[in-house]
Amino acid sequence: MGRIRLISLATLVVAGSVALAACSSSGGSKSSDSSTPAGTTSSSSSSSSSAPATTVSCPSGGTLNADGSSAQANAMTTFITAYQKACAGVTVNYTSTNSGQGVSDFTAGKIGFGGSDSALNPAKGEPAAATKACGSTALDIPMVTGPIAIAYNLAGVSNLTLNPTVLTQIFLGKITKWNDPAIAKINSGVTLPSTAISVFFRSDPSGTSKNFETYLQANDPTDFTYTPDKPWPGKTGSGENGSAKIASSLKSTPGGIGYVEWSYAGNNSLSVAKIDNGAGAVELTPATVGAFVSSAAVVGTGDDLSLKLDYAAKTPGAYPIDLVTYEIVCSKYKDAATGALVKSFLTFTSSAAQQATLPSQGYAPLPASVLTKVQAVVAKIS
Amino acid sequence: MTLAAETPTTAFASNLRARRTKNNIATVVMTGCFLVALVPLIWLLWTVISRGWRVMVHADWFSQDQRLTQDWRTPGGGALHAIIGTLEQVLVCSLISVPVGVLAAVYLVEYGTGKLRSAVTFMVDILTGVPSIVAALFIYLIFIIEFGAGFAGIYVSLALVLLMIPVIVRTTEEMLKLVPNELREASYALGVPKWKTIAKIVLPTAFSGILTGIVLGVARVAGETAPALILVQYSASRNSNLLHGNQASLPLFIYSQFPNYANVGSKENAFTHVKEVTNNYAAGRMWAAALTLILLIALLNLVARLISRRSKVSN
Amino acid sequence: MPDRDSPLRDAQRSAGANGHVPVQTPPIIDPNPEVTMPDEPVDELSVELRAGGVAETAPGHLVGSAQPLGVDVSGPGPVSTAPAPSGSTPKRPGDRIFSALASGSGLFIVVLVVLVGAFLLWKAIPAIGDDKTNFLTSRIWSVGDRANSFGIAGLLWTTVLISVFAMVVAVPIAVGIALFVTHYAPARLAKPVAAVIDLLAAIPSIIYGIWGIAILAPHLTGVQNGLSSGLGWIPLFKHHNNAVGTVFDGGVVLAIMILPIITSISREVFQRTPRQNIEAALALGSTRWEMIQLAVLPYGRPGVVSGAMLGLGRALGETIAITIIVSTAGNGAPFDASLFGKGNTFASQIATGGDALFAHPGPFIAAGLVLFVLTFLVNAAARAVVNRKTVS
C-alpha cells in the first residue's frame with residue numbers, strides 16, 4: 001500500500017508543479033533560488049526517490065522546543081520520531097496546545113518555533129510583536145496541510161452529504177433534527193432518522209475553529225454572522241477541550257456531529273460527511289484535498305509564505321474545508337544554535353520524502369510549487 | 001448481630017419485630033455502604049492493572065523514554081523520562097518544603113506565642129485548603145508572566161511547595177506534641193540550651209513521625225497534575241535539567257497519551273482504504289503510566305507506615 | 001461471659017479495636033488520645049482533619065499541649081512547673097539562631113499566603129475593572145484579542161452544582177462506612193477496612209479523570225437517561241442528549257474522590273462518642289441501630305458536617321479530573337440548571353485557558369481569586385462548625 005500512496009503522491013506533485021509552473025517565478029522574490037542547501041540531501045528535486053531514504057544534516061546536539069496547533073500534532077509526532085531516529089543527539093519537542101498559544105509562546109521567546117493554523121495577523125500586531133521577539137523578520141512557513149473533517153455518528157447512515165448552508169445551520173443550532181427537510185433535500189435516497197443533532201465544538205482557542213468559521217462565513221455570510229476567531233462563537237452544543245475529545249465524544253453520542261482534523265476522524269473510525277460546495281458532493285480523500293490546496297496562492301511578502309485559501313471556490317472534485325498549519329520562525333535567530341536546530345528540523349520536514357508520509361496520517365503534502373518556496377526559505381534560516 | 005432486642009423484657013417489647021427489622025436493615029445498609037465504596041476502588045484498580053501491567057513489566061519501561069515511540073501506532077519505549085521528571089520535581093519541592101515545614105512546626109510547638117503563632121496556624125489552615133490550580137496560578141503569575149520566564153520543571157516544584165508545606169507542618173506539629181515533656185525538662189535540668197534540646201532530643205525523638213509526614217507529603221504532591229499542566233510542557237525525551245526546557249512527569253505522561261487512548265486500531269486504513277493492522281499503543285502506555293504512579297504512591301505510603309511503626313513516641 | 005453478643009462487650013470490642021478508647025479504664029473523656037496515634041500512621045487525611053480543627057478542638061484532646069513549653073502545665077506526662085531556660089536567662093547565640101530560624105519559617109508561611117492573596121488581588125482588580133460585562137452576574141467567558149467580557153456566574157453555578165452534588169452523593173455513603181468501621185465491622189476487620197477506604201485517597205486525580213471518562217462515564221449514560229425520563233420535569237434532571245462528559249459524570253467521580261476524607265473524619269468523631277452515652281443507650285435495651293441514633297449520630301453530627309465541608313472544599317478546587325471529564329457549554333448558551341448539562345468550573349476554566357492565560361491573564365486570575373476565597377470560606381466554615389460545638 002505504500003506504493004499506492006507514493007504513486008498518488010507523485011501524481012499530485014507532478015500535477016501541481018505543472019499547474020503552477022507559470023506563477024512560480026513571479027511569486028516570492030527569491031523563489032528561483034531553490035537549490036538544495038549544502039549539507040542536506042533532502043530530495044526536493046526528484047519526487048520519485050523512495051520515502052525513507054532521507055538523509056539529514058544533524059546539528060551536533062541540543063533541544064528544540066515548539067508548541068501550538070493541535071491540528072498538526074499527529075504529523076509533528078511522526079516527523080519528530082523520524083528526525084530523532086536520524087539525529088540521535090538532538091531532541092525536538094512539539095507540545096500540542098492550540099494555535100493561539102503557539103503564537104503567544106513564540107512571541108514571548110519561549111519556543112524555537114510556533115505552530116499556528118493561521119498566519120500571523122497584522123490586525124493584531126502579531127507580525128510586529130514576533131519580529132520584535134526575534135530581532136529579525138518573523139516568517140510564516142506553511143508546512144502541513146490538513147483537511148477538517150465533518151465527522152458524525154449516525155447509525156445506518158454512512159453516506160451523508162452536507163453543504164455550507166446546512167452546515168452553518170446545524171452548527172448554529174438552527175437545524176436540530178437529522179431528518180430536517182434541508183438535510184433530506186441534499187441526501188435523496190438516504191434514510192435519515194429523527195435523532196436530535198448534538199453539536200460538538202472546540203472549547204479551547206483553536207485555529208481549526210477559526211478556519212472552519214472562515215469557511216462557513218465565506219460560503220454563507222447570511223447565516224454565519226460572527227467574525228471568525230479562535231474561540232468558537234456558537235451557543236449550541238458542547239465544547240470539548242481538543243480534537244481528540246470531540247472525536248471520543250462523537251463516538252459515544254448518537255446523533256453527534258463535530259469538526260475535527262481528518263486524522264482524528266480516521267483514528268477514531270468516525271464517518272465523514274461529503275461536502276457539496278456547489279459543484280457536486282466531494283468525498284474527503286488525499287486527492288480531493290490536493291486538488292483544493294494546489295489552488296492556494298502565496299500572499300505573504302518577501303520570505304513570508306502565508307497562503308490564501310479560497311473557501312468559496314466551487315471547484316469540482318476539490319474538498320473545500322482545509323487548513324494549512326504554519327511554522328512561525330525567525331529569519332535569523334538571536335541564538336545561532338536554535339537557528340541551526342530549526343533550520344535542520346524544518347529542512348527535514350519540508351523534504352519531499354517526509355511530506356510523502358503525510359497522507360497516511362490524515363494530512364496532505366504541500367503542493368510542489370509551495371513546497372519549493374518553503375524549502376528555499378527554510379534554507380535561509382540562520 | 002441482633003443485640004439487646006433479643007431480651008423481651010424491655011419497655012419496647014411490643015414492637016420488637018419492627019425494631020429488629022429496622023436494626024437488620026441498618027446493618028445491611030452500613031455494610032452496603034462499604035461495599036458500594038469498594039466498587040469504584042476495585043474497578044479502577046482493575047482497569048489500571050489489567051490494561052497497564054503488560055506494558056509496565058517490559059524491561060524497557062524503566063530504562064527507555066518515548067523519544068522514538070511517540071506515535072500511538074508505535075510500540076515500545078518506556079517511562080524513564082517521566083520518572084526522572086517526577087523524582088526531580090518532587091525532590092526539589094521537598095528540599096524547600098521540609099526545612100520550612102519542620103521549622104515552622106518547631107516554632108508552633110516550642111516557641112510560638114501571641115499573634116504570630118495564631119497567624120501561622122491560621123495561614124497553614126488556609127494553605128491546606130488552597131486548590132492546586134490556584135497554587136499553580138500564583139507561580140505562573142509571578143514567574144511566567146511577571147518575570148517572563150520560560151516553562152520549566154522548577155516552577156512545578158515551587159507550586160508543589162505550597163501544597164506540601166501544610167502537610168509537613170501538620171504532621172510534624174502533631175509529632176512534636178507527642179514528645180513527653182519529661183524529656184525536655186530532663187534536658188533543661190542538665191543545663192542544655194533550648195535549641196540543643198530541640199535539635200538533639202525533641203526532633204530525634206519525633207524523627208520517625210516527622211519522616212512519615214514527609215513521605216506522605218511527597219505522596220500527596222507526586223500525583224498533582226494541575227501545576228504541571230500550566231507550568232511546564234511535556235517532552236518525550238529525557239530532560240534532567242529542572243531549570244530549563246520541557247520536562248515530562250508521570251502525570252504529564254498520562255495526559256500526553258490521553259488524546260490518543262481511544263484511537264481505533266482499525267483493520268482498514270480510513271484514509272487509504274488499504275487493510276492495515278494497527279494496534280493502539282497509547283492506551284497501554286497511558287494505563288501503564290497510571291499504574292506506575294499508583295505504585296510509586298503506594299510504595300511511599302508503605303514506607304510511611306513502616307517508619308511510623310518504629311516511632312519512638314508511640315506507646 | 002458466655003453471651004457472645006453482649007452489647008456492652010460488642011461495643012467495647014469495636015471501639016477498642018480502633019485504639020482510641022483504652023479498654024482497661026473506660027473513661028468519659030480520653031485523657032490523651034494523641035499518644036496512641038502513631039499506632040496508626042498519620043496520613044494525609046488525619047492531617048487535613050487536624051487542619052479542619054476536629055482533632056484540635058474535639059473533646060478529649062488537650063489543646064494545652066500545643067502551648068509553648070514552660071507555659072503549658074497540662075501537657076502529656078507529669079505536671080511540671082519547671083520553666084524552659086530560655087525564659088529568664090540571657091539567650092545563647094545558638095538559641096537565638098535556632099529561634100530565629102523557626103520563627104522565620106513561620107513568618108515565611110504567613111508571608112507566602114499573604115503574597116498569594118495579594119498577588120491575585122493585585123492582578124484581578126484591574127482586570128475586573130476592564131471587564132466589559134458584569135463580573136458577578138454574567139455567564140459569558142469571552143477572553144481574547146477581540147473580546148474582554150467575562151463573568152463568573154456560569155463558573156460559580158457549575159462549580160457549586162458539581163461539588164454539592166458530589167457531596168450529597170458522598171456524605172451518606174461516607175457516614176455509612178464510618179459507622180460500619182466503628183460499630184459494625186468485626187474488630188480485626190475495622191483497621192483493614194479503614195485502610196482500604198483510605199486507598200481511594202492515594203489515587204491521583206488524573207487517574208480518576210481518565211478512568212472516569214474512559215471507563216465509568218459510558219456506564220453512567222443509562223443512569224442519566226433513567227433519571228431524566230422519570231424526573232425530567234425537575235429542572236435539575238432535565239433531559240439532555242449528552243452521553244458522556246456531563247456535570248453528573250464529573251460529580252460522581254468527585255464523590256468517589258472526596259469519599260475517603262469525609263469517611264475518615266466521620267470515623268474519628270464516631271470513635272470519640274463518649275462511652276457513657278453508648279452504654280446508657282444499650283442499657284435501655286436499644287438495638288445497635290437505636291444506640292447509633294441515640295448516642296453516636298447526635299454526638300458526631302458536627303464532625304460529619306465539618307468533614308462534608310472539607311470534602312466540599314476539595315471538590316470545589318478539583319482541576320484535572322473535571323477538565324478531563326466535563327465538557328463545556330456554548331458561550332452564552334441559555335442557562336441550564338440540569339445535572340445532565342455541561343459547563344466549566346473555575347478550575348477547569350483556568351486550566352483550559354490556553355493562550356489567553358498568558359496573553360490576558362487578568363480574567364483567569366480573577367477567577368482564581370474567587371475560587372481561593374470560596375475554598376477558604378468553606379474550609380473556615382468547617383472549622384467554625386466544630387469550634388462552636390465544643391465551646392457550647
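# Briefing: chains A, B and C of a predicted model

Buried residues account for 61% of the 315 residues in chain B. The model is predicted. Chain B has 11 helices and 0 strands. Chain B also forms a contact with chain C, to which it gives 105 residues.

**Chain B fold**

- The order of elements in chain B, from the N terminus, is α-α-α-α-α-α-α-α-α-α-α.
- Take the contacts in chain B with a separation of 6 or more: 75% of them join residues 24 or more positions apart.

**Contact between chains B and C**

- Chain B supplies 105 residues and chain C supplies 96 residues.
- On the chain B side, helix α1 (residues 16-56) gives the most, with 18 residues.
- That side of chain B splits into 67 nonpolar, 23 polar and 15 charged residues.

**Helix packing across the contact**

- Helix α2 (residues 80-111) of chain B packs with helix α4 (residues 93-130) of chain C.
- The angle is about 110°, and the axes are 7 Å apart.
- Angles of 65 to 115 degrees count as roughly perpendicular, and α2(B) and α4(C) are therefore roughly perpendicular to each other.
- From α2(B), the contact is made by B:Val100, B:Leu103, B:Ala104, B:Val106, B:Tyr107, B:Leu108 and B:Tyr111.
- From α4(C), the contact is made by C:Ser99, C:Leu101, C:Ala102, C:Ser103, C:Ser105, C:Gly106, C:Phe108 and C:Ile109.
- The residues of this helix pair contact divide into 11 nonpolar and 4 polar, with no charged residue.

**Chain C: helix α9 and what follows**

- Helix α9 of chain C covers residues 275-283.
- Its buried residues are C:Arg275, C:Ile278, C:Ala281 and C:Leu282.
- These four cover an arc of only 135° around the axis, so they sit on the same side of α9(C).
- C:Gly285 follows α9(C) and has a positive phi, near 90°.

**Chain C: Asp336**

- C:Asp336 lies in the loop between β3 (328-329) and α12 (346-351) of chain C.
- C:Asp336 has 18 other C-beta atoms within 10 Å, so it is partly exposed.
- Leaving out residues up to four places away in sequence, C:Asp336 touches C:Ala329 and C:Gly341.
- C:Asp336 and C:Phe358 are 22 residues apart in sequence. In space they are 30 Å apart, C-alpha to C-alpha.

**Chain A: Ser269**

- Most residues other than glycine have a negative phi.
- A:Ser269 has a positive phi, near 55°.
- A:Ser269 sits in the loop between α9 (262-267) and β9 (271-272) of chain A.
- A:Ser269 counts as partly exposed because it has 16 C-beta neighbours inside 10 Å.

**Chain A: confidence**

- Chain A has a mean pLDDT of 83. In chain A, 86% of residues reach 70 or more.
- Among the elements of chain A, helix α5 (residues 164-171) has the highest mean pLDDT, 95.
- Helix α1 (residues 2-24) of chain A has the lowest, 42.
- The pLDDT is below 50 over residues 1-53 of chain A.
- Beyond near neighbours in sequence, that stretch of chain A has 81 contacts in the model.

Methods:
Residues are numbered from 1 along each chain as its sequence is written. Chains are lettered from A and ligands numbered from 1 in the order in which they are written. This is a predicted model: local features need pLDDT of at least 70, side-chain atom pairs count only at pLDDT 80 or more; totals for chains, interfaces and linings use all residues. Helices (H or I, at least four residues) and strands (E, at least two) are DSSP runs, numbered from the N terminus. A residue is buried if 20 or more other C-beta atoms lie within 10 Å of its own, exposed if 12 or fewer, and partly exposed in between; C-beta atoms are placed from the backbone. Two residues are in contact if their C-beta atoms, placed from the backbone, lie within 7 Å. Ala, Val, Leu, Ile, Met, Phe, Trp, Tyr, Cys and Pro count as nonpolar, Asp, Glu, Lys and Arg as charged, and the others, Gly among them, as polar. The arc is that of the directions from the helix axis to the C-beta atoms. Axes are lines fitted to C-alpha atoms, for helices over the stretch in contact, and angles run from 0 to 180 degrees between N-to-C directions. Angles under 35 degrees count as roughly parallel, over 145 as roughly antiparallel, 65 to 115 as roughly perpendicular and the rest as oblique. pLDDT is the predictor's confidence in each residue, from 0 to 100.
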